Amino acid sequence: MDARLAGRLAELRVERGWPLEELARRTEISRSTLSRLERAEISPTAALLNKLCAAYGRTMSQLLAEVESEPPQLVRADRQEVWRDETSGFTRRSVSPPHPGLRGEVVEGVLEPGADISYDGPAVPGLEQHIWVLAGVLEITAGDHVHEVRAGDCLRFRLWGRSRFRCPGPEPVRYALLIVLP
């Protein structure tokens with residue numbers, strides 16, 4: 001998966017005619033980090049991947065779906081793509097069958113206690129998110145609003161600016177994220 005993702009990131013940059021310097025300027029990611037990402041020498045963190053998705057106008061799920069082979073109609077639990085950002089303590093499972101043309105998707109997220117991930121902005125402005133906490137507590141900041149979402153609670157919002165996902169602990173938080181493109 002990392003090699004296919006690296007290849008797709010390089011393709012997207014070349015399709016736009018951007019040298020590494022231009023992509024670095026647009027994402028505020030160093031040229032050397034971008035180069036290493038495109039050569040699959042390192043795996044992107046969730047925050048880096050979000051910045052790249054924003055530059056390319058895609059959600060993370062859309063990008064990950066583009067590196068899949070033929071998109072299936074049904075994805076069995078043991079075949080769902082799982083991506084881990086060990087640095088931040090975030091695990092992301094693509095639950096819904098991936099397809100770049102779909103407007104909605106379902107993702108399972110798990111944050112370890114103390115995990116704190118900030119995003120500069122959504123990959124797609126106006127992105128609608130429904131976050132249903134299945135276990136634990138999730139603190140979500142969307143724009144200027146901070147929400148404490150507990151097991152069984154569901155938060156819905158459209159995202160235009162910064163966001164932050166934090167697990168205050170003491171146990172991990174597991175949640176379903178339903179994403180709807182504007």
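**Salt-bridge tour**

Select Glu21: at 44% relative accessibility, Glu21 counts as partly exposed. Partly exposed lies between buried, under 20% relative accessible area, and exposed, over 50% (1.4 Å probe, protein chains only). This is a predicted model, where local features need pLDDT of at least 70, side-chain atom pairs count only at pLDDT 80 or more, and totals for chains, interfaces and linings use all residues. Residues are numbered from 1 along each chain as its sequence is written, and side-chain values use heavy atoms, with hydrogens and water left out.

Glu21 and Arg31 form a salt bridge, with their closest N and O atoms 2.6 Å apart. The pair links distant parts of the chain, 10 residues apart: Glu21 sits in helix H2 (residues 20-27) and Arg31 in helix H3 (residues 31-38). Helices here are DSSP runs of H or I, at least four residues, numbered from the N terminus. Arg31 is partly exposed, at 43% relative accessibility.

A salt bridge puts a side-chain nitrogen of Lys or Arg within 4 Å of a carboxyl oxygen of Asp or Glu. The structure holds 17 of these salt bridges.

Next, select Arg39 and Glu41. Their salt bridge has its closest N and O atoms 2.9 Å apart. Arg39 is partly exposed at 48%. Glu41 is partly exposed too, at 45%.

Move to Arg8, Glu11 and Glu15: salt bridges that share partners join these residues into one network. Zoom in on Arg8 and Glu15, whose side chains meet at 3.1 Å, N to O. Which of the two is buried? Arg8 is, at 13% relative accessibility, whereas Glu15 is exposed at 52%.

Conventions: Helix = DSSP H or I, 4+ residues; strand = E, 2+ residues; numbered from the N terminus.
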